[in-house]
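Here are my notes on the model you asked about. Have the viewer open while you go through them.

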Amino acid sequence: KKKKKIIPSEMKVLIAVFLTLALVAAVTDEDIIAEVNAKQSQWTAAPNQFTGMSIAEKRGYLGAFPLHNVGFPVEKPKFLSGLPTNFDSRTQWPKCVHGILNQGQCGSCWSFGMTEALSDRFCIASKGSINVVLSPEYVVDCDKTDYGCNGGYLTNAWNFAASTGTVSIDCDPYTAGSGQTSPCPNKCHDGSDLKFYKAKEVKSLAGIQGMQNAIYTDGPIETSFAVYEDFFSYSGGIYKHTSGGLAGYHAVKVLGWGNQSGTNFWIVANSWGTSWGEQGYFKIEMGQCGFEDGPVAGQAAV
């Protein structure tokens with residue numbers, strides 16, 4: 001008669017881990033999309049360029065490190081009377097708010113959010129006379145306080161913009177979309193001299209009021225937030241985390257806010273190209289995913 005095998009406790013733990021991983025792997029994008037659309041009607045999920053990617057591949061399109069504001073000046077919000085219920089920088093400054101860019105599979109969102117907001121702020125502050133799209137590539141390659149395609153801190157990026165500045169995207173086009181950075185250039189790609197655009201008075205913004213004040217007076221800002229698996233499948237509406245685990249953190253340009261059927265939301269430009277979301281933009285319910293925890297912006301040094 002054969003003796004019954006006793007499985008060691010360590011082996012039992014390993015088996016449990018493998019079974020858990022198998023269950024996680026079995027949850028597909030299609031499952032998440034179906035769950036989102038069945039659970040609520042505030043936003044919709046649909047297949048897109050991320051459908052079928054592994055979570056590791058999806059993480060390559062993020063790249064923000066959350067909260068690095070220790071010792072950083074905080075802009076105390078002053079109550080601005082008459083703030084509208086709905087405000088969109090694209091409507092307020094239609095010639096100054098630039099379009100959607102695409103970071104590709106490089107964790108450079110921290111650079112995109114900063115350079116995109118600062119580009120808009122230069123145009124707004126100069127009343128349209130400095131209308132330039134700034135280069136995220138230059139910041140990714142040259143800001144050594146951050147980590148290129150492996151992520152970065154929003155505050156570091158803005159401090160780099162204040163101390164060194166960046167150049168135009170025409171001078172240094174974006175080439176890191178495949179995940180590879182380049183040496184920091186000392187000339188534009190056409191051989192001309194670098195011309196720098198800098199930020200000044202960089203500050204962390206305090207919550208919803210601070211964010212609204214900054215956008216309303218000076219233009220778009222940058223923030224970071226927690227990205228869950230369902231966010232990759234966003235196709236429209238007011239996003240609220242509904243399904244899936246935490247994938248990482250992402251930085252974006254915030255354009256404004258609004259209210260729909262009693263739900264307050266932010267209007268946001270993403271950096272995943274125009275085929276994602278609402279032609280590259282999305283709305284997210286206020287208070288979701290730590291969206292108000294780490295916003296930052298600086299003035300354009302006009």
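The points below go from the whole chain down to single residues.

1. **Ground rules.** This is a predicted model, in which local features need pLDDT of at least 70 and side-chain atom pairs count only at pLDDT 80 or more, while totals for chains, interfaces and linings use all residues. Residues are numbered from 1 along each chain as its sequence is written, and side-chain values use heavy atoms, with hydrogens and water left out.

2. **The chain overall.** You have eight helices and ten strands to find your way around; these are DSSP runs numbered from the N terminus, with helices being H or I of at least four residues and strands E of at least two. Of the 302 residues, 49% are buried (buried is under 20% relative accessible area, exposed is over 50%, partly exposed is in between, with a 1.4 Å probe and protein chains only). The accessible surface is about 14300 Å², and carbon and sulfur atoms account for 55% of that (Shrake-Rupley method, 1.4 Å probe; for residues, only the protein chains shown count as cover). Take the contacts between residues at least 6 apart in sequence: 76% of them join residues at least 24 apart (contact means heavy atoms within 4.5 Å).

3. **The cores.** The largest nonpolar core has 74 residues, and those with the most contacts inside it are Leu118, Trp158, Phe225, Trp266, Phe282, Ile284 and Phe291. Helix α5 gives this core its largest share, eight residues. Another core, of five residues, lies apart from it and includes Cys106, Phe112, Cys149 and Ala176. By nonpolar core I mean a set of buried Ala, Val, Leu, Ile, Met, Phe, Trp, Tyr and Cys residues joined through side-chain atoms within 4.5 Å.

4. **Helix α5.** Residues 109-125 form this helix, and its 17 residues reach 24 Å from first C-alpha to last, close to the 24 Å expected at 1.5 Å a residue (the expected span is 1.5 Å times one less than the number of residues). α5 is mostly covered, with 16 of its 17 residues buried. After α5 comes lysine 127, whose phi is positive, near 55°.

5. **Helix α2.** Which residues are buried in α2? In this helix (residues 29-39) they are Asp29, Ile32, Ile33 and Val36. Seen down the axis of α2, the buried residues fall within an arc of 100°, so they line one face of the helix (the arc is that of the directions from the helix axis to the C-beta atoms). That buried set packs against β1 (43-45) and α3 (55-59). Exposed Ala38 and Lys39 sit on the face of α2 turned away from the buried side.

6. Start with β8 (residues 263-269), where six of the seven residues are buried. β8 pairs with β7 (residues 246-260) in the antiparallel sense over seven bridges, and lysine 253 stands opposite alanine 269 in β8. (Two strands pair if DSSP finds at least two bridges between them.) The β7-β8 hairpin has two residues between the strands, and serine 261 takes a positive phi near 55° there. β8 also runs antiparallel to β9 (residues 281-285), with five bridges joining them; here phenylalanine 265 stands opposite glutamate 285.

7. **β4 and β10.** β10 is largely enclosed by the rest of the structure, because four of its five residues are buried. Its antiparallel pairing with β4 covers four bridges, with alanine 199 opposite alanine 300 in β10.

8. **Two loop residues with positive phi.** Glutamine 279 has a positive phi of about 55° although it is not a glycine. You'll find glutamine 279 in the loop between β8 and β9, and it counts as exposed because its relative accessibility is 62%. Cysteine 289, also not a glycine, has a positive phi of about 60°.

9. **Serine 178.** Look for this one in the loop between α7 (154-163) and β4 (199-205). Serine 178 counts as exposed, at 60% relative accessibility. The C-alpha atoms of serine 178 and glycine 104 are 6.4 Å apart, though 74 residues separate them along the chain.
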